[in-house]
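Hi,

Here is the structure I promised to pass on. Have a look at it first, and then read on for what turned up.

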Amino acid sequence: MTELINVESPVKIGNSDRDCLEVHTTHSINLEFTSRCNLRCVYCSVSHPDYVGQDLTCIEDFHAFVKDLKARNVRHICINGTGETLILKDWRSYCQQLLEAGFSLTLISNFAREMDQEDYDTLARLTQINVSCDTVDLKVFRKLRRGGDFRMLVYNMARVRAAACANGNMMPRFGWTCVVNDQNILDLENYVATGISMGVTQFAFNNLSKISDLPHAESFNHVCEMPQERFYEALGALERALKLIKKFRVEICCESGFLDSINARVNMDQAKSEDVTTQTQVKELAQWKVATSVGIAYSVSPKSGQTRDCLDPWNYAIVRADGNVSPCCQREPVGSLASGQSINDILNNFSIKRLRQNLLSGDLDEGCRFCVSRPLTDCGTLQDKVRRHLA
Ligand SMILES: C[S@@+](CC[C@H](N)C(=O)[O-])C[C@H]1O[C@@H](n2cnc3c(N)ncnc32)[C@H](O)[C@@H]1O
Ligand code: SF4
């Protein structure tokens, strides 16, 4: 990379004339209507005794905000955050305004609440609904997703599909998101089979970030913490679940940190059993267990010349219920709507331009170095990707 980059002056990469740090469109936005929740899942920050949630009150004129999103050419909005959208009184009115403005909407929800017909009718108009479901075992479900019940989730899914049928809507696509851990992984094949039987067409296996000071934090663990024999039993279960997913041609999305950490554990076990564990391997192991802003997670650190394979700061943003705007779910906010700035101003301010620059050059700060979501790549590959994205 030759022409890098001074955020105060216009920036070009390669032969492109485009300023690749200033971006005026955002493909998708994650919008948090509330950070309050009706459940207390064992791994979630909501379960921290000091946690306080809040509703989206800083956007006084929601209609004007919707116009700003249209002006930025946002196509897709995912309604999600740390909290449960469906407990907010105004969730339907917000969704209806977004639907009428022509956005395609995805919702991530626990589906734990008892709903009424108007709720089902609104949900039936969404493009995709990702229901957080860690297991189909009733007892384990209650233990992990405290306050929730798998049977209510199943009932709500059926009623949304029924509303779509009755109203002549296209059926929303249903996904299930699973935070894989030592309590649910052994039953993963059964989990996938149950989901497929209920019309789930996309599974996501999340990499557990463990917040160690949560009450009950001792009752579950990352799969990489499992004792040797159980760990390989768990890998067998994961393999069978993935085979079933392939057989039924449904989609699977695994967070890269999840797969990277499993591979790293297997490599380390192999090296140990051959008694060739070197200082380098021990160091590598220490590196993939990292403290992130949300807790202890697993990730592989970049080597020189590497960066994260991530376009998020160019095509994605998170708007929190308190007005904070972040470039991805791993990082601190780059600005706040509560300060009176527009989303367009925030998504082209100094902080986000510096982040874009650092990703392109591989000069990563801690947030990106220890990212548990995006895999590693070399800087040239990311630069090409950004160029193609902006073309
Ligand atoms: C924070 S929740 C918010 C939406 C909604 N309340 C729900 O549970 O679907 C969004 C997703 O993050 C996942 N999640 C929460 N805490 C996590 C953690 N510590 N590690 C990995 N995923 C987590 C949840 O399981 C859920 O699928
Ligand atoms: S339902 Fe979602 S936001 Fe609520 S505690 Fe569980 S994971 Fe967290």
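This is a predicted model: local features need pLDDT of at least 70, side-chain atom pairs count only at pLDDT 80 or more; totals for chains, interfaces and linings use all residues.

Residues are numbered from 1 along each chain as its sequence is written, while chains are lettered from A and ligands numbered from 1 in the order in which they are written.

Of the 391 residues, 38% are buried (20 or more other C-beta atoms within 10 Å of the residue's own; exposed is 12 or fewer, partly exposed is in between, and C-beta atoms are placed from the backbone).

Now to the ligand. Ligand 1 has 16 residues around it, and Y43, C44, S132, T177 and S209 are the closest (a residue counts as near if its C-beta atom, placed from the backbone, lies within 6 Å). Strand 4 (104-109) and strand 7 (173-180) each give the shell at least two residues. By type, the shell has 7 nonpolar, 8 polar and 1 charged (nonpolar is Ala, Val, Leu, Ile, Met, Phe, Trp, Tyr, Cys and Pro; charged is Asp, Glu, Lys and Arg; the others, Gly among them, are polar).

Next, helix 1 (residues 62-71). Its buried residues are F65, V66 and L69. They span an arc of only 100° around the axis, so they sit on the same side of helix 1 (the arc is that of the directions from the helix axis to the C-beta atoms). H63, A64, K67 and K70, on the other side of helix 1, are exposed. The buried set packs against strand 1 (28-31), helix 2 (91-100) and helix 11 (343-346), with contact meaning C-beta atoms, placed from the backbone, within 7 Å. After helix 1 comes N73, with a positive phi near 65°.

One more spot: P227 lies in the loop between strand 8 (200-207) and helix 7 (228-247). Is P227 buried or exposed? P227 is exposed, because 9 other C-beta atoms lie within 10 Å. D182 is 45 residues from P227 along the chain, and their C-alpha atoms are 10.0 Å apart.

Cheers

Note on methods:
Helices (H or I, at least four residues) and strands (E, at least two) are DSSP runs, numbered from the N terminus. Two residues are in contact if their C-beta atoms, placed from the backbone, lie within 7 Å.
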